[in-house]
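Visitor: Please show me the chain, and then take me through it by question and answer.

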Amino acid sequence: MPKNKGRGGKNYRRGKNENLTKRQLETKEDGQDYAQVIKLLGSGRLICVCLGDSKQRLGHIRGKMRRKVWIQNGDIVLVALREFQDEKCDVVYKYFPEEIKQLKNLKEIPENLEEGGGDNIGDNVVFVNKEESSSSDSDISDSDSDDSSDSEPKQPQKQQPQKPQPQKPQAPVKDNKEKITKKDIDDI
């Protein structure tokens, strides 16, 4: 059996012709606009907000970009607007973070635009143990009362009713022998 030399395979061949040269910055032309991806729908479709007119559109990722350029939530893309369907557009180009900075410097896109890929859902979630929840709730209510000024009346916080937890059936005791506790052992 021949010895493996560490070359070959699909991934090696895929990266072989990879050019790490800098891309030329693509700017919008007539019939194009910059957009930010809001939600990916699957099947090469997404929902994006066009930055020119702040309108939500259904975007279609063209076939040349599929499986080669990965688009995520929050990415800035260049879309081609359709003349015959105002509510749809075609994704033409995806910008890298360096290119987004250049576009901001050129005043092509707003400076206060948040960029970045990945879901931001659940970033503000805090997990609390059940035992600590009663003490942390009182800590939170104390800190809320410190922040409020004296001119505002304090409103009582609504507490959600707790659902009763089902009781586990206890197994019947098989032996009638007395149980010896740790206290009894210490007394002996």
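Visitor: What is the mean pLDDT of the chain?
Guide: This is a predicted model, in which local features need pLDDT of at least 70, side-chain atom pairs count only at pLDDT 80 or more, and totals for chains, interfaces and linings use all residues. Residues are numbered from 1 along each chain as its sequence is written, and side-chain values use heavy atoms, with hydrogens and water left out. pLDDT is the predictor's confidence in each residue, from 0 to 100. A value of 70 or more is reached by 56% of the residues, and the chain mean is 76.

Visitor: How many contacts beyond four places in sequence does the model have for residues 143–149?
Guide: A contact means heavy atoms within 4.5 Å. Over residues 118–123 pLDDT stays under 50, and the model has three contacts beyond four places in sequence there. Over residues 143–149 pLDDT also stays under 50, and the number of such contacts is two.

Visitor: In which sense do β4 and β5 pair?
Guide: Helices (H or I, at least four residues) and strands (E, at least two) are DSSP runs numbered from the N terminus, and two strands pair if DSSP finds at least two bridges between them. Strand β3 (residues 56–61) pairs with β5 (residues 88–94) in the parallel sense over four bridges, with I61 bridged to V91. β4 (residues 76–81) forms a hairpin with β5, with six residues between them, and A80 stands opposite D90. Over five bridges, the sense of the β4 and β5 pairing is antiparallel.

Visitor: Is K107 buried or exposed?
Guide: K107 is in the loop between α2 and α3 (130–147). Its phi is positive, about 65°, although K107 is not a glycine. With 63% relative accessibility, K107 counts as exposed.

Visitor: What is the relative accessible area of R67?
Guide: R67 lies in the loop between β3 and β4. Its phi is near 60°, a positive value in a residue other than glycine. R67 is exposed, and its relative accessible area is 75%.

Visitor: Which residues do ring pairs link into a cluster?
Guide: Rings of Phe, Tyr and Trp (its six-membered ring) pair if their centres lie within 6.5 Å; planes under 30 degrees apart count as stacked, over 60 as edge-to-face and the rest as tilted. The whole structure has two aromatic pairs. Y34 and Y95 have ring centres 5.9 Å apart and planes at 50°, so this pair is tilted, while Y93 and Y95, at 5.0 Å and 70°, are edge-to-face. The cluster linked by ring pairs is Y34, Y93 and Y95.

Visitor: How many residues apart in sequence are the parts tied together by Y34 and Y95?
Guide: Y34 is buried at 1% relative accessible area, and Y95 is buried at 2%. Y34 lies in β1 and Y95 in the loop between β5 and α2, so the pair ties together parts whose separation in residues is 61.

How values were computed. Buried means under 20% relative accessible area, exposed over 50%, partly exposed in between (1.4 Å probe, protein chains only).
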